[in-house]
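I opened my notebook beside a structure I had not looked at before. Here is what I looked up, in the order I went.

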Amino acid sequence: MIADLPSDGSGAAPRRLPEAVVFDVDGTLADTERDGHRVAFNEAFAAHGLDLSWDVEHYGELLTITGGRQRVAAVLRARGLEDADEVAAAVHRTKTDLFVDVVRRGDIGPRPGLPALVDDLRAHGVRIAVATTGRRAWVEPLLAHLLGAGTAEVVVCGDDVAELKPDPEAYRLALARLDVDAARTVAVEDSGPGLRAALAAGLATVVVTNHYTADHDVRGAAIVREGFDTPHQLTTAELGTALARTPRARAH
Ligand code: XBP
Ligand code: MG
């Protein structure tokens with residue numbers, strides 16, 4: 001049940017709340033990249049005997065290539081490796097297994113302020129979904145840990161789409177599975193490629209930046225913040241203002 005905010009008696013129309021919110025995972029729900037995925041990639045390179053290691057800064061540059069397998073393949077191809085795609089697929093399987101272990105250990109927590117926002121969304125009856133380019137093998141256990149199993153009623157992963165972000169396919173699929181109107185749905189992202197994917201699917205988008213994405217091009221975002229709890233706690237009502245700030249025409 002979706003409620004409008006009560007009128008303040010000024011005669012102004014009540015502000016609308018979103019019907020659904022679609023969250024990105026990496027960098028948005030949790031800071032997974034620098035000390036999570038990056039470390040697992042490096043361990044996988046070593047396990048496969050590859051002379052490759054990504055430091056913190058270089059990994060940040062590589063994040064413009066979405067999808068772990070695609071990221072590895074691009075780097076191996078640039079090194080002139082003939083069977084880059086096959087090697088990348090094998091390395092990525094190892095990396096996924098390693099990262100599942102990290103997630104199952106419970107080492108990755110939510111970004112500050114996320115649990116309070118999720119509680120507020122649930123209290124207002126706003127539906128919650130996820131659209132990520134990451135692999136379901138680790139996404140599902142991470143969501144169970146961060147949000148509680150079943151909190152996200154729709155979970156679209158990299159496994160489910162032909163084209164990864166910045167292509168809008170993951171967001172379009174999430175909207176179709178939710179069966180909601182894009183014009184009543186807000187996306188929450190952390191990065192430029194993620195923002196472009198959400199905008200191309202017609203979604204008002206809130207960008208919550210992090211260490212790696214603070215200098216991304218976020219033009220078109222309805223709201224840009226440094227954290228869920230900074231400078232103040234992000235609420236369902238503020239997500240509703242993102243809808244009002246996004247031209248309806250974009251949804252078509
Ligand atoms: C995240 C990604 C993912 C992760 C690694 O982008 O591109 O590839 O970096 O996960 P977004 P996998 O936050 O825009 O979804 O190794 O499972 O791909
Ligand atoms: Mg992200």
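I began with helix H3, residues 68-78, and asked which of its residues are buried. They are Gly68, Arg71, Val72, Ala73, Val75 and Leu76. I keep in mind throughout that this is a predicted model.

I then checked what follows the helix. Just after H3 comes Gly80, with a positive phi of about 85 degrees.

Where does Gly67 sit? I found Gly67 in the loop between H2 and H3. Is Gly67 buried or exposed? Its relative accessibility is 6%, and under 20% counts as buried, so Gly67 is buried.

I looked for what touches Gly67 beyond the residues up to four places away in sequence, and noted Thr133 and Leu164. I also compared sequence and space for one of these pairs: Gly67 and Thr133 are 66 residues apart along the chain, yet their C-alpha atoms are 5.8 Å apart.

**Glu169, for contrast**

Glu169 belongs to helix H7. With a relative accessibility of 26%, Glu169 is partly exposed, because that class lies between 20% and 50%. Leaving out residues up to four places away in sequence, I found Glu169 touching Asp160, Val161, Ala162 and Glu163.

**The magnesium ion**

Which residues coordinate the magnesium ion, ligand 2? I wrote down Asp24 (OD), Asp26 (O) and Asp190 (OD), at 2.1 to 2.2 Å. Asp26 is listed with O, while Asp24 and Asp190 are listed with OD.

Asp24 has a relative accessible area of 6% and is buried. Asp26 is at 11% and also counts as buried, because the cut-off for buried is under 20%.

**Helix H9**

I turned to helix H9, residues 236-245, and asked how many of its ten residues are buried. Seven are, so H9 is largely enclosed by the rest of the structure. I listed the buried ones by name: Thr236, Glu238, Leu239, Gly240, Thr241, Ala242 and Leu243.

What do these buried residues pack against? I noted one helix, H5 (114-123), and the strands S1 (20-23), S4 (185-189), S5 (204-208) and S6 (223-225).

I looked through the backbone for cis peptide bonds. The bond from Lys165 to Pro166 is cis, with omega near 15 degrees. Pro166 lies in the loop between strand S3 (154-156) and helix H7 (169-178).

Thr230 and Pro231 are also joined by a cis peptide bond, and omega there is about 0 degrees. I placed Pro231 in the loop between S6 and H9.

Then I checked Asp179, whose phi is near 60 degrees, a positive value in a residue other than glycine. Asp179 sits in the loop between H7 and S4. At 67% relative accessibility Asp179 counts as exposed, because that value is over 50%.

**The whole chain**

I counted nine helices and six strands in the protein chain. Its radius of gyration is 19 Å, close to the 18 Å that the globule rule gives for 252 residues, so the chain is as compact as a globular protein of that length. The C-alpha trace spans about 70 × 35 × 30 Å along its principal axes.

How much of the chain is buried? Buried residues make up 53% of the 252. The chain exposes about 11300 Å², and carbon and sulfur atoms supply 49% of that area.

I also looked at contacts between residues at least 6 apart in sequence: 63% of them join residues at least 24 apart.

Key:
Residues are numbered from 1 along each chain as its sequence is written. Chains are lettered from A and ligands numbered from 1 in the order in which they are written. This is a predicted model: local features need pLDDT of at least 70, side-chain atom pairs count only at pLDDT 80 or more; totals for chains, interfaces and linings use all residues. Side-chain values use heavy atoms; hydrogens and water are left out. Helices (H or I, at least four residues) and strands (E, at least two) are DSSP runs, numbered from the N terminus. The radius of gyration is taken over C-alpha atoms; the globule rule is 2.2 Å times the number of residues to the power 0.38. Buried means under 20% relative accessible area, exposed over 50%, partly exposed in between (1.4 Å probe, protein chains only). Contact means heavy atoms within 4.5 Å. Accessible areas come from the Shrake-Rupley method with a 1.4 Å probe; for residues, only the protein chains shown count as cover. Donors are N, O and S atoms within 2.8 Å of the metal (3.2 Å for Na, K and Ca); water is not among the atoms, so sites may look incomplete.
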